[in-house]
Amino acid sequence: MYHPNWSASDWQLLLIFYAICLGSLIICTFANRYLPQVDIICATWTALSIVVILVALSVKADVGRHSAAYALGHYDKSLSGWGGFTFFIGLLPPAYCFSAIGMISSMAEECENPAIKVPQAISLCVPVGGFAGLFFILPICFTLPPLGDILSAPSSQAIPYIFHRVMGSPGGGLGLTFLVLMITLFCSISITVAASRATWAFARDRAIPLSRIWSRVNEHLGVPVWSLVLVTVVQMLLGLINLGSSSAFQAFVSVGVIALAAAYAIPITISLLHGRQEVSRARFNCGPLFGFVVNIISVCWILFELVLFSMPSARPVTAVSMNYASVVFAGFMAISGVWYAIYARISYKGPPESDGL
């Protein structure tokens, strides 16, 4: 913001990324007992940041204010080349916000009364996150600079550019961006914890290679240290891809949404094929009719989502702008299929007794 002609090089971005990864690893490993307090600080910081951004943008509005009709109903479909289909292409960012709420289930063994608390946490993520998100996005929509300028923002960073323009000064823009960056750091900690617990759960069931290593829990720290290390190393290796090709890196980043969606579709489909017998005994099951309808809608939406989010964001499509997420997804599915065929279907004996019904 203070040096508009400067742009971070790939290796500088990589070092910043590594610092965040290693910082999250250290906190998740040695400060595990304080993570509930970290979550409280994160929630408080997020709420305060939303209020500050709401007030600051609404009051300053250096590039002007839009009418409610524009902010809530303006729909420019000329910039992406997709025409009326632009609306569906634009569903990716909001879908990304709610794509990983199912990973809360991997924390079930670390909370009290998980049969009640985990479903409540998963279900509350959507209304709470959606309601809070409105207070963040609405002031941006009402004070938005021209869309063409946003698309040409330095380093393709839309939010910092919007904050800078709307606040009318680099200092104001940096102040609001700092609030968002801190939330990002908190999210990095939460994501690392959830991913490590999911990795540990898969390793405990011997579903991934070298599972005996990743399933170890450090008795002194009370955390699966090796799962945390594996998650961090994989992230850092993925960061190296950006040095060679930003398109390839974006493919690995973008595949997260469709991979998680496919992972959710598999147990839902299996449950439907079994007549929802297993979930019928759960505390929250939506009933035999409504639950069945919800599951059918979920599977149909996920199938549509897999195709939709594999499309490029703009047309005409070039080798650089192409969305290669589908290629990465197919690769992951092939690797998983081979692993299941040669090892998992033979070695997997079911969940531990503590997980059984």
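Trainee: How many helices and strands are in the protein chain?
Mentor: There are 14 helices and zero strands. Keep in mind that this is a predicted model.
Trainee: What order do the elements run in, from the N terminus on?
Mentor: They run α-α-α-α-α-α-α-α-α-α-α-α-α-α. The chain has a radius of gyration of 22 Å, close to the 21 Å that the globule rule gives for 357 residues, so it is as compact as a globular protein of that length.
Trainee: What box do the C-alpha atoms fill?
Mentor: Taken along the principal axes, the box is roughly 60 × 45 × 40 Å.
Trainee: And what share of the residues is buried?
Mentor: Buried residues are 29% of the 357. The accessible surface of the chain is about 21500 Å², and carbon and sulfur atoms account for 71% of that surface.
Trainee: What about contacts: what percentage of those with a separation of 6 or more is between residues 24 or more positions apart?
Mentor: That percentage is 71%.
Trainee: Switching topic. How many positive and negative charges are there, and how far apart are their mean positions?
Mentor: The chain has 17 positive and 14 negative charges, and their mean positions lie 3 Å apart.
Trainee: Now the rings. How many aromatic pairs does the structure hold?
Mentor: It holds 10. One of them is Phe87 with Phe88: the ring centres are 5.4 Å apart and the planes meet at 85°, so this pair is edge-to-face.
Trainee: How accessible are Phe87 and Phe88?
Mentor: Phe87 has a relative accessible area of 48%, which makes it partly exposed. Phe88 is partly exposed too, with a value of 31%.
Trainee: One more residue, then. Where is Thr143 found?
Mentor: Thr143 is in the loop between α6, residues 114–142, and α7, residues 147–151.
Trainee: Is Thr143 buried or exposed?
Mentor: Thr143 is buried: its relative accessibility is 3%, and the cut-off for buried is under 20%.
Trainee: Which residues does Thr143 touch, leaving out those up to four places away in sequence?
Mentor: Thr143 touches Leu57, Ala61, Val63, Gly64 and His66, and also Val166.
Trainee: Thanks, I will look at that loop next.

Definitions and conventions
Residues are numbered from 1 along each chain as its sequence is written. This is a predicted model: local features need pLDDT of at least 70, side-chain atom pairs count only at pLDDT 80 or more; totals for chains, interfaces and linings use all residues. Side-chain values use heavy atoms; hydrogens and water are left out. Helices (H or I, at least four residues) and strands (E, at least two) are DSSP runs, numbered from the N terminus. The radius of gyration is taken over C-alpha atoms; the globule rule is 2.2 Å times the number of residues to the power 0.38. Buried means under 20% relative accessible area, exposed over 50%, partly exposed in between (1.4 Å probe, protein chains only). Contact means heavy atoms within 4.5 Å. Accessible areas come from the Shrake-Rupley method with a 1.4 Å probe; for residues, only the protein chains shown count as cover. Lys and Arg count as positive and Asp and Glu as negative; His and the chain ends are not counted. The place of a charge is taken as NZ of Lys, CZ of Arg, CG of Asp or CD of Glu. Rings of Phe, Tyr and Trp (its six-membered ring) pair if their centres lie within 6.5 Å; planes under 30 degrees apart count as stacked, over 60 as edge-to-face and the rest as tilted.
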